[in-house]
Every structure is written in structure tokens, then in C-alpha cells.
Amino acid sequence: MKFTRCKSLRGEITVPGDKSISHRSVMFGSIAKGTTEIRNYLQGADCLSTIACFRSMGVEIENHGEVVTVRGKGMRGLRKPDAVLDCGNSGTTTRLISGILAAQDFEATLTGDASIQKRPTKRIIEPLSLMGADIRSIPGNGCAPLKIRGQKLHGISYVSPVASAQVKSAILLAGLYAGGETRVTEPYLSRNHSEILLRCFGADVRTELEDAGASSRATAVIRPAAELYGSRVDVPGDISSAAFFICAALMLPGSEVLIRNVGTNPTRAGILKAARAMGGDITLYNERTDSGEPAADLLVKSSALHGTVIEGADIPTLIDELPAIAAMACFAEGETVIRDAAELKVKESNRIAVMAENLTAMGADVTETDDGLIIRGGKPLHGAVIDSHMDHRIAMTFAAAALCAEGETEILGAECVNISYPEFYRDLEKLKTF
Ligand code: S3P
């Protein structure tokens, strides 16, 4: 797909539902008693993989687009799937479902696409095994396909080396079925959608924050549940999808974009803090809370940007937005340093390497480090051939960057945006002025 420069972005859009919350609403609804009605469920391929997995374990799920209805089977009502569970490109499906499968009274195998089969699952195999789970990587390399034979589990107190909501959530879901309390401590608080939504479904889960000097460790604590109960879930728009419009509008002179109904949970809203630290003009309107999740309308105006340092506890709050932020940093004056972000290497692609490769191809002054990127802004970008590596966030980042670059940019594998934002190019087109 080819992109050229535009003058500015102007107008109003609504981004699709949050990917993380969509996955969780179907998962929790499936193991709850009664009906769960989900509004604004993300119709991206990843979230459709989650629906398909639970359907193949006997859960009736009606997907009408605007509303998804899940007829929950209760904590013990899933049945052995008739085939291998296919998680597609979705790390969230793979890891969270493993926590549930670890406690069932059947055996299941799960797998995914080529990217999923390279992504680490040892990070869940280890803690789930400590809980008594029988889970192994079939190729023996710590990656999917995984074989999981359900077992009786017991609670653990686990200190995770990484701030990962997928790891935390897999353990919490297993903890719902375990004997005794389960505790997961992470170096920094990762997105807490599981904790918020599980509480809506009746689970006993809480967060303990330690804020002692340099440490900001967070511990999620869950008690076993006899049952969860179906709930209505209103999924806010995904701030990770909004990120491409936020960054593009900030860097393109004369832009003004209103993005309606964006989730602003503080564990996800790091992009707002980082963009403002760079001089970005973003105003929140209509702030509200739905299904325990804060949301607002964001008005974004193009701004004179300057470099910043992004690190530490802020990293998990903007981990998926770092590609878009790195592209934006090319249009900021001075240096932007992103560090403590080694997790970027194990996303849908190695996002440190892929960002460095593609930004360099467009003429940016960028250095790849062990745990991030250093971008010296101010060098004009020019069009290039961009390899998305079939990573949806890379494709969208460069479609946004291309709007501010001289000449033509071609994105290879551009269709991979269907993972999280099938209508992305249409929405981008709507906002362009020439
Ligand atoms: C997600 C957690 C994050 C994020 C991913 C979605 C989730 O991954 O990058 O896109 O829904 O829990 P990690 O938990 O690996 O950091």
C-alpha cells in the first residue's frame, strides 16, 4: 500500500474498542454463570481468535458486531475442544487462555501463527507450573504450540521479573481455580484490566501498591472463586489505536483531531503523559467511567514538539504506543531517549530493531540500544519501502509517519492492520486534508 504526504489531519473519529478489554470480556464471560453482553467489542482478528477458541470449548457466543453476547458456562462448564485451539497472532489469547486451561478437567493444545510460535511462553509456563499446572512447550523451545493438561492448582506468591499484564492475568485466572490465595508481584504496575473486569464479574481481587523510593512494585491478589457472574461490559475505544492519530496530529502542522470515547485508564494512558512532556497539546473532554474503566474524548492539536526521556514505571503504560511515539520523536527538536523497554523485542515483531530499520530507511537519525531507542529529531523524513514484518502497529506507525514525509512510502504487508484495527486506513483517509 502506498502513502504520500498530506497537509494536515482535521476532523473527528471514533476508534474501535479496546483490544485488551475485548479479549477479557469474552474470556471472563465464558467462565461466568449467565449472560454477558459486550458493547463495542473489537472486531479485529485477534479478538475473533478469542471468540473462536471459546466457541470450540462449547461456549455459545453471538457476534452481532455492535453487541456480542456470551452465554457463560460457569467456572467448570468448558468442554474439551474438538481441535487444536488457534490463537492466530494473539499473544493475549495464548497467555490468558493458558491460565484457564491449566485448571480444567481436560487436555488441550493451543497454537498460533508463525509470530506466536516465536514469542516466549516460558514466562507463563514457569509460574503456572509452580501452581501445579501440567503445561509444556511441544517443540521444547519455550514457545507455542503448548500442551496443557488441566490439574488441581494451588495458590502461589509469585514475583514476576517483567511487568506484563499477560503474565499477571494468566496467573490470576489460574488463581481463580486454585486452593488458597494467589499473589503476583511485578516490578511496575502493568495494565490492570483483568483486575477491574474480574471484580465486575464478582471475583475477589485487589491490588497492593508499594511506592517506596525508587520501587513502585505492584502486587495483584486474588482469592479462588466458586463462580463468576455474567455482566454487561461497555468497551471503551482503544488508546493504542488512537495513538497513531494522536502522534500524526501532533506532528502535522495545522492538525486538529477529536477522538471520541478513548479509554484513559492510567495504566494505559502513558502516551498522554509522554506527548505532553514533549509539548503536545491534548485536552480531555467528557471524562467518565464505564464498566470500571475511565474514558474521555481527546482533542489533539498540532504542536511544536521537543525531545524527552521515557523510562521506568512509565514504560508499561505506553508499551504498545512506543512505535508511534518513536516516529513522532523524529519531528521533535532534540533527543528522545526510550529506555527500559526491552519487552519491545518480544512483541509481534522485534519492535526495537524494526523501528530502527524503518525509521533509518526514511532518513531519521536513530540509534538502537539494548532496551530502547535514541532518536535525534529534526531531520526531515523521506518516503521509503517499509517492511511491516506483519506487525500491525508497525504498519500503522509508518502510515502515519508517511503523511509527514517527502515523497512516496510503500508499506509491505499493510493488510496486517486487520489484527487490531480493520478500518484504520479508511479512518486515516477521512481526516486528511490536502
Ligand atoms: C496486553 C499486554 C501487553 C501488551 C499487549 C496486550 C494485554 O503485553 O503489549 O498488546 O492485553 O494484557 P505484555 O503483557 O506482554 O506486556
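Residues are numbered from 1 along each chain as its sequence is written, and side-chain values use heavy atoms, with hydrogens and water left out. Because the model is predicted, local features need pLDDT of at least 70 and side-chain atom pairs count only at pLDDT 80 or more, while totals for chains, interfaces and linings use all residues.

To start with the overall layout, the protein chain splits into domain 1 (2–16 + 236–433) and domain 2 (19–234), with bounds that come from an automatic or database domain assignment. Their C-alpha centres sit 28 Å apart. On the domain 1 side, 27 residues take part in the contact, and on the domain 2 side 28 residues do; contact here means heavy atoms within 4.5 Å. Together the two domains bury about 2300 Å², with 52% of that on carbon and sulfur atoms (buried area being the accessible area, with a 1.4 Å probe, that two parts lose on being put together, summed over both). Between domain 1 and domain 2 there are 13 residue pairs in polar contact, both residues at pLDDT 80 or more. A polar contact is a pair of N or O atoms within 3.5 Å; within protein, one must be able to donate a hydrogen and the other to accept it, and residues adjacent in sequence count only if both atoms are side-chain atoms. Three salt bridges also run between the domains, a salt bridge being a side-chain nitrogen of Lys or Arg within 4 Å of a carboxyl oxygen of Asp or Glu.

Next come the aromatic rings. Rings of Phe, Tyr and Trp (its six-membered ring) pair if their centres lie within 6.5 Å, and planes under 30 degrees apart count as stacked, over 60 as edge-to-face and the rest as tilted. That rule gives seven aromatic pairs. Phe28 and Phe201 make an edge-to-face pair, because their ring centres are 6.1 Å apart and their planes stand at 90°. This pair bridges 173 residues of chain, from Phe28 in helix 1 (residues 19–30) to Phe201 in the loop between helix 6 (193–200) and strand 12 (205–209). Helices (H or I, at least four residues) and strands (E, at least two) are DSSP runs, numbered from the N terminus. Phe28 is buried at 0% relative accessibility, and Phe201 is buried at 1%; the cut-offs are under 20% relative accessible area for buried, over 50% for exposed and in between for partly exposed (1.4 Å probe, protein chains only). Phe245 and Tyr421 are also edge-to-face, at 6.1 Å centre to centre and 70° between the planes.

As for charges, the whole structure holds 36 salt bridges. Asp391 pairs with Arg351, the closest N and O atoms being 2.8 Å apart. Asp391 lies in the loop between strand 23 (385–387) and helix 11 (392–402), and Arg351 lies in helix 10, 40 residues away. Asp391 is buried at 0% and Arg351 is buried at 1%. Shared partners join Arg119, Arg191, Asp320, Glu348, Arg351 and Asp391 into one salt-bridge network. Elsewhere, Arg339 and Glu311 meet at 2.5 Å, N to O. Here Arg339 is partly exposed at 33%, and Glu311 is partly exposed at 35%.
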